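Okay, thanks for coming, everyone.

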Amino acid sequence: MDAFTRFTNQTQGRDRLFRATQYTCMLLRYLLEPKAGKEKVVMKLKKLESSVSTGRKYKIDLCL
């Protein structure tokens with residue numbers, strides 16, 4: 001757990017974690033979209049992906 005905390009305290013580590021989350025949402029959405037009855041989950045994944053993407057862009061702008 002200590003290694004994870006050190007990793008996320010670094011800017012590069014946080015970005016990698018956000019990127020992994022964003023791409024995981026994209027993959028799950030891709031896999032769930034064709035399935036019936038998963039519309040609610042797909043919408044939540046879209047919102048989460050959008051929020052993570054915005055957060056990554058905002059963090060990058062702050063660092064520059």
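Let me start with a question: which residues does Gln22 touch, not counting residues up to four places away in sequence? The list is Glu49, Val52, Ser53 and Arg56. Touching, or contact, here means heavy atoms within 4.5 Å. Gln22 lies in helix 2, and with a relative accessible area of 10% it is buried. For burial, the cut-offs are under 20% relative accessible area for buried, over 50% for exposed, and partly exposed in between, with a 1.4 Å probe and protein chains only.

Quick housekeeping before going on. This is a predicted model, where local features need pLDDT of at least 70, side-chain atom pairs count only at pLDDT 80 or more, and totals for chains, interfaces and linings use all residues. Residues are numbered from 1 along each chain as its sequence is written, and side-chain values use heavy atoms, with hydrogens and water left out.

How confident is the predictor? pLDDT is its confidence in each residue, from 0 to 100. The chain's mean is 84, and 88% of its residues reach 70 or more. Among the elements, helix 1 (residues 2-9) has the lowest mean pLDDT, at 74, while helix 2 has the highest, at 90.

Now the overall layout. Of the 64 residues, 17% count as buried. Among contacts between residues at least 6 apart in sequence, 38% join residues at least 24 apart. The chain exposes about 5300 Å², and carbon and sulfur atoms supply 60% of that. Those areas come from the Shrake-Rupley method with a 1.4 Å probe, and for residues only the protein chains shown count as cover.

Let's look at helix 2, which covers residues 11-32. Helix 2 has 22 residues and reaches 32 Å from its first C-alpha to its last, close to the 32 Å expected at 1.5 Å a residue. The expected span is 1.5 Å times one less than the number of residues. Which residues in helix 2 are buried? Those are Gly13, Gln22, Cys25 and Leu32.

Okay, salt bridges. Side chains of opposite charge can pair when their charged atoms come close. What counts here is a side-chain nitrogen of Lys or Arg within 4 Å of a carboxyl oxygen of Asp or Glu, and the structure holds three of them.

One joins Arg19 and Asp15, at 2.9 Å, N to O. Those two are four residues apart in helix 2, so about one helical turn separates them. In general, an α-helix has 3.6 residues a turn, so residues three or four places apart point the same way. Arg19 counts as partly exposed, at 30% relative accessibility.

Then there's Arg29 with Glu33, at 3.9 Å, N to O. Glu33 is partly exposed, at 44%. And Glu49 meets Arg29 in a salt bridge of 2.4 Å, N to O. Glu49 lies in helix 3 and Arg29 in helix 2, so this pair ties together parts that are 20 residues apart in sequence. Through shared partners, Arg29, Glu33 and Glu49 are joined into one network.

Is Glu49 buried or exposed? Buried, at 13% relative accessibility. Its place is in helix 3, residues 39-63. Leaving aside residues up to four places away in sequence, Glu49 touches Gln22, Cys25, Met26 and Arg29.

Two more pairs to find on the screen. Arg14, in helix 2 and partly exposed at 27%, is 42 residues from Arg56 in sequence but 9.0 Å from it in space, C-alpha to C-alpha.

Last stop, the surface. Leu27 is partly exposed, at 49% relative accessible area. Together with Leu28, Tyr30 and Leu31, Leu27 forms a nonpolar patch on the surface, with about 420 Å² of accessible area in total. Patches are made of residues with over 30% relative accessible area and no salt bridge; like charges are joined within 9 Å, and nonpolar side chains (Val, Leu, Ile, Met, Phe, Trp, Tyr) within 5 Å.

Notes: pLDDT is the predictor's confidence in each residue, from 0 to 100.
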